[in-house]
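Welcome, and thanks for taking a look at this model. Let's walk through its loops, helices and core together.

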Amino acid sequence: MAYFKRLKDLREDKDMKQTDVAEILGIKQTVYSRYKRGYQNIPIEHLLVRADYYNVSTDYIFGRTNNPKISE
């Protein structure tokens, strides 16, 4: 799950902790941690929220492009 690296980089670029992201998603930090460790899949809704929050495309998160900008 290579997109975890990208999500981590985006989180750290904003100087955020896992608990901060969990709060934005409306989940507990332990649930977020399960996503990160691969014990549970990240729901698409959570990926969309994060893409919107970081103002990047989902293609960027998934590594399909290295351009973080959202194309219109």
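## Two loops with positive phi

N55 sits in the loop between α4 and α5 (58-61); helices here are DSSP runs of H or I with at least four residues, numbered from the N terminus. The phi of N55 is near 60 degrees, a positive value in a residue other than glycine. With 56% relative accessibility, N55 counts as exposed, where exposed means over 50% relative accessible area, buried under 20% and partly exposed in between (1.4 Å probe, protein chains only).

D15 also deserves a look: its phi is positive, about 55 degrees, although D15 is not a glycine. D15 lies in the loop between α1 and α2 and is exposed, at 71% relative accessibility. As background, most residues other than glycine have a negative phi.

## About the model

This is a predicted model, in which local features need pLDDT of at least 70 and side-chain atom pairs count only at pLDDT 80 or more, while totals for chains, interfaces and linings use all residues. Residues are numbered from 1 along each chain as its sequence is written, and side-chain values use heavy atoms, with hydrogens and water left out.

## Helix α1 and its two faces

Which residues of α1 are buried? They are Y3, F4, R6, L7, L10 and R11. These residues cover an arc of only 160 degrees around the axis, so they sit on the same side of α1; the arc is that of the directions from the helix axis to the C-beta atoms. The face turned away from this buried side carries the exposed residues K5 and D13.

The cover over the buried residues of α1 includes α2, α3, α4 and α5.

## Helix α2 and its partner α3

In α2, the buried residues are Q18, V21, A22 and L25. Seen down the axis of α2, they fall within an arc of 100 degrees, so they line one face of the helix. They pack against α1 (3-13), α3 and α4 (44-54). After α2 comes G26, with a positive phi near 75 degrees.

How do α2 and α3 cross? The axes of α2 (residues 18-25) and α3 (residues 29-37) come within 8 Å and cross at roughly 105 degrees, the axes being lines fitted to C-alpha atoms, for helices over the stretch in contact, with angles from 0 to 180 degrees between N-to-C directions. The two helices are therefore roughly perpendicular to each other, a label for angles of 65 to 115 degrees. Q18, T19, V21 and A22 in α2 meet Q29, Y32, S33 and K36 in α3.

## The nonpolar core

The largest nonpolar core has 19 residues, and Y3, L7, I27, I42 and I61 touch the most other members. Such a core is a set of buried Ala, Val, Leu, Ile, Met, Phe, Trp, Tyr and Cys residues joined through side-chain atoms within 4.5 Å. The elements giving two or more residues to this core are α1, α2, α3, α4 and α5, and the largest share, 4 residues, comes from α1.

## After α5

T65 belongs to the segment after α5 and counts as partly exposed, at 27% relative accessibility. Leaving aside neighbours within four places in sequence, T65 is in contact with R6, S57, D59 and Y60.

Notes. Angles under 35 degrees count as roughly parallel, over 145 as roughly antiparallel, 65 to 115 as roughly perpendicular and the rest as oblique. Contact means heavy atoms within 4.5 Å.
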